[in-house]
Amino acid sequence: MCPMTTAYDVQRIRSHFPSLVQGLAHFDGPGGTQTPDVVADAIAATLVSSISNRGAVTSSERRAEGVVAGCRAAIGDLVGTDPSGVIFGRSATAITYDLSRALASTWGPGDEVVVSRLDHDSNIRPWVQAAERAGATVRWAELDPATGDQRLEHFEAVVTQRTRLVAMTAASNLVGTIPPVAEVSALAHGVGALLWVDGVHSSAHRLPDRTGLGADFWACSPYKFLGPHSGTVSADPALLETLHMDKLLPSSDVVPERFELGTLPYEVMAGVTAAIDFLADLAPGDGAEESRRARLQRSFAALHEHESALLARLEPALRELPGASLRSGAPDRTPTLLVTFEGRDPQDVRAHLAQRGVAAPAGHFYAIELSRALGLGETGGVRIGLAPYTDDSDVDRLLEGLRELV
């Protein structure tokens, strides 16, 4: 049950984004959102503070420890997970590659790994390559190419008693499809397999709940939800204790530090914490004492209402455009649409919109298997994504630009 929401003041929210003054209507959030001032302030303040390598002796060492602990706690509140199981790194892709090697070290011939046609390639290729090195078999969960929908039956067709890991997305970064993560979790766990979930796109629109959904691993990227460029993977600390990676001899072997090679970027981690705090206040409460998780629940509910209202205007208008084909048709989706126009190269549509101050990129956005399954090959389409700062005037400009084109 979502908590009662308060009014979503998009103009107040937009006032915290200096980049919006430059005049672009941004529909490129799925590739990376704009950044609020409070995030930049937190990064700058950490960089110029008295800070050292982590420790407990000097105040500068303790400040570094506090930044790291604060970031893990913030990610824990966002993802719905134990902070001591939060791994921080350069990108979700990099951490996925690292942990794929650790997980695959126990695989061998006869073992099977399930990957999904719906996914970004960062949640496909690491597992395919790890399976190939181990001699394991890769099996593919397909989807409905007519709608972009993916259902439990697509996983039931390929999960077997030999399955060691299922890798799936919580939401498609290309067409927005939200597959049944909890149901697939039950299926995977029923045969003793682990479930790795790419929550990179989903985490910007639906508040994650790693534990509640039954995901063994949850990957996300803070720069998709207003933060700086970085990546995290969250898991149960007890599970992480069973995994080992190559590391330097003096490096810590405790979890999660054993997976974080080198010195952590304290300023970036401070920015991530600020971004999550900003998300938690998208819909301010009544001033009563609340946990950050409760504030996030209220704010994400308000964000969902805001984005749904914009989508209710945008989607029917797109469908009415001559020659337009919407490739996003699953019943449960994020506010992310992929559209193609008969006889027009998506890159030409992108360029036309850019001349009118609208940022709506085109391509397959690394969801190459999905683009091929939809019959769009390497070309893809024009992707239109909503974000917390999107308002009605942005939608008006986008539709005006597209109507000029067609």
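Buried means under 20% relative accessible area. The legends below use that word for residues of a predicted model.

View 1. E2 pairs with E8 over four bridges in the antiparallel sense. Within that pairing, isoleucine 87 has valine 233 of E8 as its bridge partner.

**View 2. The seven-stranded sheet as a whole.** The strand order is E2-E8-E7-E6-E5-E3-E4, in an open sheet with mixed pairing. Strand E2 (86-89) and strand E4 (137-141) are the edge strands, each pairing on one side only. On average, and with direction ignored, neighbouring strands of this sheet are turned by 15 degrees against each other. Strands of a sheet pair through backbone hydrogen bonds, either parallel or antiparallel.

**View 3. Strands E7 and E8 with serine 234.** Four bridges link strand E7 (residues 217-220) to strand E8 (residues 231-235) in the antiparallel sense. Phenylalanine 217 has alanine 235 of E8 as its bridge partner. Serine 234 also lies in strand E8. Serine 234 counts as buried because its relative accessible area is 0%. Leaving aside neighbours within four places in sequence, the contacts of serine 234 include Ile75, Val79, Val86, Phe217 and Trp218.

View 4. Helix H3 (residues 59-79) lies across E2, E7 and E8. Its direction is at about 115 degrees to E2. Helix H5 (residues 125-134) lies across strand E3 (112-116), E4, strand E5 (163-169) and strand E6 (194-198). H5 runs at about 160 degrees to E3.

**View 5. Valine 114 in strand E3.** Valine 114 is a residue of strand E3. With a relative accessibility of 0%, valine 114 is therefore counted as buried. Once neighbours within four places in sequence are left aside, valine 114 is in contact with Arg139, Ala141, Phe155, Val158, Val159, Thr163, Leu165, Val166 and Ala167. Threonine 232 is 118 residues from valine 114 in sequence, and the two are 22 Å apart in space, C-alpha to C-alpha.

**View 6. The cavity.** The structure holds one cavity of 30 Å³ or more. The largest cavity has a volume of about 40 Å³. Helix H4 (92-104) and E6 are the elements that give two or more residues to its lining. The lining residues are Ala92, Thr96, Ser122, Asn123, Trp196, Asp198, Val200 and Ala219. Sorted by class, four of the lining residues are nonpolar, three are polar and one is charged.

**View 7. The four-stranded sheet.** An open sheet of four strands has the order E9-E10-E13-E12, with antiparallel pairing. Its edge strands are strand E9 (324-326) and strand E12 (362-363), and each of these pairs on one side only. E9 is joined by three bridges to strand E10 (residues 336-341), and these two strands run antiparallel. Leucine 326 has valine 339 in E10 as its bridge partner.

Notes
Residues are numbered from 1 along each chain as its sequence is written. This is a predicted model: local features need pLDDT of at least 70, side-chain atom pairs count only at pLDDT 80 or more; totals for chains, interfaces and linings use all residues. Side-chain values use heavy atoms; hydrogens and water are left out. Two strands pair if DSSP finds at least two bridges between them. Axes are lines fitted to C-alpha atoms, for helices over the stretch in contact, and angles run from 0 to 180 degrees between N-to-C directions. Contact means heavy atoms within 4.5 Å. Buried means under 20% relative accessible area, exposed over 50%, partly exposed in between (1.4 Å probe, protein chains only). On a 1 Å grid over the protein atoms alone, a cavity is a set of points where a 1.4 Å probe fits but cannot get out, and a pocket is an open set with protein on both sides within 12 Å along at least five of seven lines; lining residues have an atom within 4 Å of a point. Grid points are joined across faces, edges and corners, and a volume is the space filled by probe spheres set on the points. Ala, Val, Leu, Ile, Met, Phe, Trp, Tyr, Cys and Pro count as nonpolar, Asp, Glu, Lys and Arg as charged, and the others, Gly among them, as polar.
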